[in-house]
Amino acid sequence: MAHKGARWTAEELQRHLSKPKEPQKPARNKLPRLSESDLQHQVIQWFAHTYAEIYRTGALIAIPNGGKRGRGAQAQIRKEGVWRGASDLVLFVPKGIYHGAVLEMKAEGGKISSEQFEWLEHRRQSGYHAGIAWTYDEGTRFFDEYLALE
């Protein structure tokens, strides 16, 4: 028998080493959830880098529809033409059968409002490519696929 402390006898060490090890669960690489604003910012940065020539023309714009505003500010932006439900990003580049593209950005777990759905549907019916992205990959793929159209 081994003396007290951290040492094991050869037998104890052998028993310990020969025990079948339980598989360890892989470490979950949990990234913090991005806000809709952060997600949109990342997609815009990617677009500016990937499609710099288009970006420099101002063909991709953001519509500042979201956010919390007081009643006075809400009334003011409505007078200025902000439309409830309008998508976050609009690309004014005709491709294929489309006049342009509109993309609604949503944070993970975000929901589309009835106004947003309706607005997207009206854009589809009037010749725009319309989509929704909940992730960075979905947002970048939307623009890649659209801009690849002939």
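Reader: What should helix α2 span at 1.5 Å a residue?
Author: The expected span of a helix is 1.5 Å times one less than its number of residues. Helix α2 (residues 36-50) has 15 residues and should therefore span 21 Å; its end C-alpha atoms are 21 Å apart, which agrees. Helices here are DSSP runs of H or I with at least four residues, strands are runs of E with at least two, and both are numbered from the N terminus. A word on the source: this is a predicted model, in which local features need pLDDT of at least 70 and side-chain atom pairs count only at pLDDT 80 or more, while totals for chains, interfaces and linings use all residues. Residues are numbered from 1 along each chain as its sequence is written, and side-chain values use heavy atoms, with hydrogens and water left out.

Reader: Which residues of α2 are buried?
Author: Buried means under 20% relative accessible area, exposed over 50%, and partly exposed in between, with a 1.4 Å probe and protein chains only. In α2 the buried residues are Leu 39, Gln 40, Val 43, Ile 44, Trp 46 and Phe 47. They cover an arc of only 160° around the axis, so they sit on the same side of α2; the arc is taken from the directions from the helix axis to the C-beta atoms. Ser 37 and His 49, on the other side of α2, are exposed.

Reader: What do the buried residues of α2 pack against?
Author: Contact means heavy atoms within 4.5 Å. The partners of these buried residues include β1 (60-62), β2 (89-91), β3 (100-105), β4 (128-133) and α6 (136-147).

Reader: In what order do the strands of the sheet come?
Author: Strands of a sheet pair through backbone hydrogen bonds, either parallel or antiparallel. Two strands count as paired if DSSP finds at least two bridges between them. Here four strands form an open sheet in the order β1-β2-β3-β4, with mixed pairing. At its edges are β1 and β4, each pairing on one side only. β2 and β3 run antiparallel and are joined by three bridges, with Leu 91 partnered by Ala 101 of β3. β3 and β4 run parallel, joined by six bridges, and Ala 101 has His 129 as its bridge partner in β4.

Reader: Which residues lie on each side of β3?
Author: In a regular strand the side chains alternate between the two faces of the sheet. In β3, Gly 100, Val 102 and Glu 104 are on one side, with Ala 101, Leu 103 and Met 105 on the other, and all are buried.

Reader: How many residues does the largest nonpolar core have?
Author: In soluble globular proteins, nonpolar side chains tend to be buried together. A nonpolar core is a set of buried Ala, Val, Leu, Ile, Met, Phe, Trp, Tyr and Cys residues joined through side-chain atoms within 4.5 Å. The largest one has 19 residues, and Phe 47, Leu 89, Leu 91 and Phe 143 have the most contacts inside it. α2 gives the largest share of this core, five residues. Apart from this core lies another, of six residues, among them Ala 86, Val 102, Trp 119 and Leu 120.

Reader: Is Ser 87 buried or exposed?
Author: Ser 87 counts as buried because its relative accessibility is 0%. Its place is in the loop between α4 (71-79) and β2. Beyond residues up to four places away in sequence, Ser 87 touches Ile 63, Val 102, Leu 103, Glu 104, Trp 119 and Leu 120.
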